[in-house]
Amino acid sequence: MGLEKDKKQEIIQGFRMHEKDTGSPEVQVAILTERIKILTEHLKQFPKDKHSRQGLIKMVNDRRRHLNYLMRKDRTRYLKVVDSLNLRG
């Protein structure tokens with residue numbers, strides 16, 4: 001149910017700020033978004049999986065905190081991430 005290694009590397013390549021960047025807020029938000037999508041599909045198939053639902057809620061809250069940080073520090077980076085991941089419909 002986790003993120004595959006090659007998919008994670010692809011996400012990091014798309015959102016990194018420099019060559020060795022794996023922990024910037026943009027990268028973390030992109031990885032969390034992909035994990036949230038996977039877990040959402042899992043919960044559609046298994047609606048009674050309460051432990052996974054709890055993990056999903058934690059991931060959504062973590063992504064929200066990263067986005068709030070980006071909005072406070074650099075609004076242009078925030079808007080770029082939100083636009084590229086289609087988070088605000």
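Visitor: Why is His66 called buried?

Guide: In this predicted model, His66 has a relative accessible area of 17%. Buried means under 20%, so His66 is called buried with its 17%. His66 is found in helix H3, which covers residues 50–73.

Visitor: Which residues does His66 touch, leaving aside those up to four places away in sequence?

Guide: His66 touches Gln28, Val29 and Leu32.

Visitor: Why is Arg53 called partly exposed?

Guide: Arg53 has a relative accessible area of 32%. Partly exposed lies between the buried limit of under 20% and the exposed limit of over 50%, and therefore Arg53, at 32%, is called partly exposed. Arg53 also lies in helix H3.

Visitor: What makes Leu43 and Pro47 contacts of Arg53?

Guide: Contact means heavy atoms within 4.5 Å. Arg53 touches both Leu43 and Pro47, with residues up to four places away in sequence not counted.

Visitor: How far apart are Arg53 and Leu39 in space, C-alpha to C-alpha?

Guide: They are 8.1 Å apart in space, and 14 residues apart in sequence.

Visitor: What makes the pattern of the protein chain α-α-α-α?

Guide: The secondary structure of the chain comes to four helices and zero strands, and reading along the sequence gives α-α-α-α.

Visitor: How many residues does the protein chain have, and what percentage of them is buried?

Guide: The chain has 89 residues, and buried residues make up 31% of them. Along its principal axes, the C-alpha trace spans about 40 × 30 × 20 Å.

Methods. Residues are numbered from 1 along each chain as its sequence is written. This is a predicted model: local features need pLDDT of at least 70, side-chain atom pairs count only at pLDDT 80 or more; totals for chains, interfaces and linings use all residues. Side-chain values use heavy atoms; hydrogens and water are left out. Helices (H or I, at least four residues) and strands (E, at least two) are DSSP runs, numbered from the N terminus. Buried means under 20% relative accessible area, exposed over 50%, partly exposed in between (1.4 Å probe, protein chains only).
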